[in-house]
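Me: I have a model open and want to learn to read it feature by feature. Can we go through it together?

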Amino acid sequence: MSKINLNKISHSYNPNDPNPTYALNPFSMVWEDGKRYAILGPSGCGKTTMLNIVSGLVRPSSGKILFDEKDVTDLKTESRNIAQVFQFPVIYSTMTVYDNLAFPLRCRDFSQEIVEERVNSVAETLNLKSFLKLPARKLTADQKQLISLGRGLVREDVAAVLMDEPLTVIDPDLKFKLRRNLKEINEKYKTTLVYVTHDQNEAMTFADNIIVMSEGEVVQTGTPKELFERPKTTFVGYFIGSPAMNLFESETSSNNSVKINDTLIKTATDLSKLKNNKVKLGIRSEFIKIAESQKENVISVDVEKVEDLGNYKLLTAKMGNLTIKSKINRETEVSSEKVNLYIPPEKCCVYEDEKLI
Amino acid sequence: MNLVGENLSYKLTEELQLRKISFNFEKGKLYTILGRTLSGKTTLLKTIAGLLMPDSGSIRFEDKNFLEIPVWKRNIAMVYQQFINYPHLNVFENIAFPLKQRGLDPQKINDEVFKSLKLVGLEGYEKRKIQELSGGQQQRVSVARSLVKNAKILLLDEPLVNLDYKLREQLREEFKNIFVNGLSEESIVIFSTTDPREAMELNGEVIVLDEGRVLQVGAAKEIFENPKDLKVAAISNDPPMNILKADLGSNKIKFEDIEIDIPDHLSKLKDKHFNFGIRASDIELNDNGFEFEVELAEISGSETLLHLTRGNLKIITSIEEVMDFKIHDKVKINFKSNRAYAFDEVGNLASSPFRGSNV
């Protein structure tokens, strides 16, 4: 197990051009030993490029990558001591499930006892015990993917296990179990797990730390709660959470208030040092509450629709030309015309040039 | 005039078959077929489309025997899970294709294509190649192509399943608008999904399908509020409804070592042993509640789903916020018993918070 240090890494597919375009803008980051990381972003954001730099399939155009203190920037994949799991199963179809799982250990001359112990332990966690003697080709697609996962997890001496959308082919019911198993494996063996996905739910469930990427840039790294409550850019506010964060064009009005249309909203952000007065106010629909009466930070809105979604109701309302969404308790009766909404100042995020102040 | 199916049976494999399915679909309405994988959703849609011939039963539409009408004459449009488009044609040509086949005049084709591009939010994309579009955009092209046909029956077979959740959220919103504003009163829309939230959000008439059988038919809200048995409760709730083996005492409901007060609507149950059903969203964190251990915290959209254990009890609760929990954390919870369901020992609904115990 290692700490992975990505130092001023960038990648361009035309580095010699006077104006190179970057698939990955320069960034630095440290991945702590034994933690779970997810790299999350829409397709084309650079997440696979980042993973390939760590695995050694791509050499970065600039920067260094260190496993603990060792510089591995110029080392090939096979010398980096990492395990990889891909989107689709990669197995030796003529071998038994047992031999598939044992393969990475036997290649490195581990003793028969260790092979036996590790293979059984991994097979147990992944529910493969009853299949160990079968030829791998006889298994279903998702069982085959379990073998791939198992082969990635069977070695305790790897620097990290890198996974590229490993649960794509897995049945939804089993997905839940596997996420739990992966977390348990991580807690038990303290394996550093790095997981690439475009699926917010998967990333948020799996990882302690999520690296959100957009257009070649790392836009935020944080826990699920941090990404939800304090999105660093308006993109993260949109991308994380459902529905997306409410965002309103507004103007600063005092040291901590903004004006939306003609309504003053107090925030907990210091706005005194801003260069210009155009900002965006962001507020999650989960934090907006229905208010009884007019007071500070209460806005009066026109109800457009109230959808009963079972576990909650989703209120869509208009304030002038702005649309506001608020999640409300299913038991709450809502007027069909006007309603007062309270916007808690401490839950407001203010953005200048799409970046959190 | 309706699309009427009677006793449709079809055996594809042992585990995948339709078993005496009947329905009566009216024009101008939206129907959602809700069921899990292998419940027969696709098989049913294909049978309506004419891609499969049932072993027995009948389908009538506009007072004609539909089964005698070949596929291409059925006036049906179908959207599949996979984004199916013509890769060598651009967006405009893809959508125009069915109209060109009909030999419509170019001006009319142009008008129709642009109308439909607008409905699916792809204005300005008409000259793009299919490969230049994202998955969500490709699926919108196939939806636009099916809309432009102005078919009397529009079948959508889990059209959102292969999209990531942000796109799914966006497209679901657009579908609602299309179904409300973009379709004629003459069309029947049938939408299949495994996702109960999708069914709630589309807010049409829901047909709950399981192992090739229709279990319950009703408005989305009705299915949600009064699932007729444990199977329907399982299919129509995500996360699944918590079901706990419980005993009705003289003044308490007991399960494992937990005792809670009896809400009015559960006080007159006939059976003393029953299945206590409570939704994840009706269990709340409460400092004075019962202590459970976190098995896993899952995050879905903005919701945190906590999988909890206490002795032999396993439950799921959902919190409308993103929160950080670790495996083995301790939490205290409270059951909102006025929102609980009772199912009898064979699994039929005995009492619901919306209708009381005379269901």
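Predicted model: local features only at pLDDT ≥ 70, side-chain atom pairs only at ≥ 80, totals over all residues.

Me: Start with chain B. How many helices and strands are there in chain B?

Reply: Chain B has eight helices and 20 strands. Its C-alpha atoms fill a box of roughly 75 × 45 × 35 Å along the principal axes. Of its 359 residues, 41% count as buried. Now take contacts in chain B between residues at least 6 apart in sequence: 66% of these join residues at least 24 apart.

Me: Now a sheet. What is the order of the strands in the open sheet of four strands in chain B?

Reply: First the general idea. Strands of a sheet pair through backbone hydrogen bonds, parallel or antiparallel. Here the order is E17-E16-E15-E18 in chain B, and the pairing is antiparallel. Strand E17 (313-319) and strand E18 (330-335) of chain B are at the edges; each has a single partner strand, so one side of each lacks a neighbour in the sheet. From one strand to the next, the twist averages 50°.

Me: How many bridges join E16 of chain B to E17(B)?

Reply: Seven bridges link strand E16 (residues 303-310) of chain B to E17(B), and the two run antiparallel. For one pair to find on screen, take Leu305(B): its bridge partner in E17(B) is Ser318(B).

Me: And a hairpin? Which residue takes a positive phi in the hairpin of E17(A) and E18(A)?

Reply: In chain A, strand E17 (residues 313-319) and strand E18 (residues 322-328) run antiparallel, joined by seven bridges. Lys318(A) has Thr323(A) as its bridge partner in E18(A). Two residues lie between the strands, and Gly320(A) takes a positive phi near 60°.

Me: Next, a helix. Which residues of helix H2 of chain A are buried?

Reply: Again, the general idea comes first. An α-helix has 3.6 residues a turn, so residues three or four places apart point the same way. In helix H2 (residues 97-107) of chain A, the buried residues are Val97(A), Tyr98(A), Asn100(A), Leu101(A), Ala102(A) and Leu105(A). They pack against helix H3 (112-125) and helix H4 (141-153) of chain A. Just after H2(A), Asp109(A) takes a positive phi of about 55°.

Me: Last, the contact between the chains. How many residues does it take from chain A and from chain B?

Reply: Chain A gives 26 residues and chain B gives 24 residues. On the side of chain A that touches chain B, the elements giving two or more residues are helix H5 (172-189), helix H6 (200-206), helix H7 (224-229) and strand E16 (298-308) of chain A. By class, that side of chain A has seven nonpolar, nine polar and ten charged residues.

Conventions:
Residues numbered from 1 in each chain as written. Chains lettered and ligands numbered in written order. Pairing = 2+ DSSP bridges. Contact = placed C-beta atoms within 7 Å. Nonpolar A, V, L, I, M, F, W, Y, C, P; charged D, E, K, R; others polar. Axes fitted to C-alpha atoms, helices over the stretch in contact; angles between N-to-C directions. Buried ≥ 20, exposed ≤ 12 C-beta atoms within 10 Å, placed from the backbone.
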